[in-house]
Amino acid sequence: MQTPRTLHRTLGPLEILFLVFSALSPAMSVFIYGDGVLRMAGTGAVAAVMAGGLIAAVAAYLYAELGAAFPQAGGVYPSLVGVLGPLWAFPYITMMMVAAPTVMAFGLLGFADYVRVLVPGLPQLPVALGCLVLACGVAVLRVRLGAIVTGLFLLMEVAALVLLTAIALAHPSRSLLSALAHPVWLDHAVAKPLPIATLGLAVVSAIFTCSGAHWALYFGEELTDAPRRIGPLVTWIGGLAALVIAVPLILVVLSAPDLARILGSDTPVVSYMNLVAGPKLTAAISGVLVIAIFNALVVGIMGFGRLYYSTGRDGVWPRPISRLLAQVQAGSHAPMVATLAVCLASAALMLLGQRTLLIFTAMQNIPEYVLLAIAVLIGRRTGRSGGPFKAPLHPLVPLVTLVAAGGMIYSALMDRAAGRPALLLVVTLFVGSWAYFRFRAKHASAWTPATTDAVEP
């Protein structure tokens, strides 16, 4: 097997769109992550999703500017290295190397839970491992074929969301103004005014729920004419993702006939569908949701595999590890070893359980938003970004993102159960990464981002 060290530019904008929306999975965002926002904020989810979606759409301009300046595999990290340098980017890389399989492990266990709803009695871990093996098999296919396969699954997912939206529009129960002016939540099954601190936490969750533009950067090295195309593409994806996810969630709140029953459920959106549309249609949509989660897992593994590959190609790790991660399958042009590494790490992390996994994944947007905003501010001043694509109204977009990140940090500090432990984990990772980088810089040559462009097929 040959081991070429570059990916091939074979994807068009439509295929990137399929891959990105499959990875962020609008149905999974609405039915799973949206459930968390609804349980947390009640009718305040309307304000939370509107604010979170807007922040996610604004942040997409930062991803777009940096992605256009550095259209390489690896997501945000090549941009951060190119603008801020290895010292500031290395902690982010370390966090993402841990966060990537953590996100996958959480999704795999969630997939198993939904399968067990449809087929009670199945064991969770074997189902999750079976899903992982199948998803990994699809993820190592040629990326163009993978985009087509995931695109077909995505059409089913979009159909389920369109159906949910149509049902909600046909059953209005309250006005948008009342939901915004008088938000209520359930406190021990009693409807009470929503505290401001809880609303802040809901906004943090809504930002994560409505985000998705960053996924395009994982495939930036495989997009044809990437410097010109990727900036506008990422901004469109950011706004469209926020809209597609936010609108159904808002309509569910505005059309819910029995708030106490729906908000008190472990699965509010499914309970809403069961109450309004009946159990048969709800069961059918649950089946589509299982497909949606699997689809998101496949593309997530593909994207994170490219992150691992990129760090290996750039020599981030000791030479033997970097050489292994940088291998690309000759036939499929897929980063085989890096993809398998993500899958093996995900399988091991599933043993930690969903609660532990969720605590860490909840906070990953905070350091990313801070570094993105700083990178655009510095990159624009030094000329390292803003060439192929510029975020509008500079420096307003990065400053708004920094303010949003500050609000996310404050909200996390107010949450003793999950927010503070997650921040502690992130801080520990960053400090440990800086210490390792300093140590390695004294004993080995420094690493720099890859500068060789992908080879045209």
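The largest cavity in this predicted model holds about 370 Å³ of space. In total, the structure has 5 cavities of 30 Å³ or more.

**The largest cavity**

- The lining of the largest cavity is made by 23 residues, and those closest to the centre are Ala23, Val103, Phe208, His214 and Trp215.
- Several helices give two or more residues to this lining: H1 (13-24), H2 (26-41), H5 (86-118), H9 (196-210), H10 (215-218), H14 (279-313) and H18.
- H5 contributes the most to the lining of the largest cavity, with 5 residues.
- Sorted by class, the lining of the largest cavity has 15 nonpolar residues, 7 polar residues and 1 charged residue.

**The second largest pocket**

- The second largest pocket contains about 290 Å³ of space.
- Its lining consists of 16 residues, and Phe21, Pro26, Val158, Leu240 and Val244 are the ones nearest the centre of the pocket.
- H1, helix H7 (143-169) and helix H11 (226-255) are the elements that each supply two or more residues to the lining of this pocket.
- The largest share comes from H7, which supplies 6 residues to the lining of the second largest pocket.
- By class, the lining of the second largest pocket has 15 nonpolar residues, 1 polar residue and no charged residues.

**Helix pairs**

- Two packed helices are described by the angle between their axes and by the distance between the axes.
- Helix H3 (residues 45-69) and helix H18 (residues 365-382) have axes that come within 10 Å and cross at roughly 50°. That angle makes H3 oblique to H18, and the crossing of the two helices is left-handed.
- On the H3 side, the residues that meet H18 are Ile55, Ala56, Ala59, Leu62, Tyr63, Glu65 and Leu66. On the H18 side, the residues that meet H3 are Glu368, Tyr369, Leu372, Ala373, Ala375, Val376 and Arg380. By class, the contact of H3 with H18 has 11 nonpolar, no polar and 3 charged residues.
- H3 also pairs with H11: the axes of H3 and H11 come within 8 Å and cross at roughly 170°. This makes H3 roughly antiparallel to H11, because an angle over 145 degrees counts as roughly antiparallel. The contact of H3 with H11 divides into 19 nonpolar, 6 polar and no charged residues.
- Helix H6 (residues 124-139) and helix H16 (residues 336-349) have axes that come within 10 Å and cross at roughly 170°. H6 and H16 are therefore roughly antiparallel to each other.
- Leu129, Leu132, Cys136 and Ala139 of H6 make the contact with Thr339, Leu340, Cys343 and Ala347 of H16. The residues of the contact of H6 with H16 comprise 7 nonpolar, 1 polar and no charged.

**Backbone details**

- Most residues other than glycine have a negative phi, and most peptide bonds are trans.
- Ser25 has a phi near 50°, a positive value in a residue other than glycine. Ser25 sits in the loop between H1 and H2.
- The peptide bond that joins His394 and Pro395 is cis, with omega at about 5°. Pro395 is placed in the loop between H18 and helix H19 (396-413).

Terms used: Residues numbered from 1 in each chain as written. Predicted model: local features only at pLDDT ≥ 70, side-chain atom pairs only at ≥ 80, totals over all residues. Heavy atoms only, no water. Axes fitted to C-alpha atoms, helices over the stretch in contact; angles between N-to-C directions. Helix = DSSP H or I, 4+ residues; strand = E, 2+ residues; numbered from the N terminus. Parallel < 35°, antiparallel > 145°, perpendicular 65-115°, else oblique. Left-handed = near helix turned anticlockwise from the far one by under 90°. Contact = heavy atoms within 4.5 Å. Nonpolar A, V, L, I, M, F, W, Y, C, P; charged D, E, K, R; others polar. 1 Å grid on protein atoms, 1.4 Å probe; cavity = no way out; pocket = protein on both sides within 12 Å on 5 of 7 lines; lining within 4 Å. Points joined across faces, edges and corners; volume = space filled by probe spheres on them.
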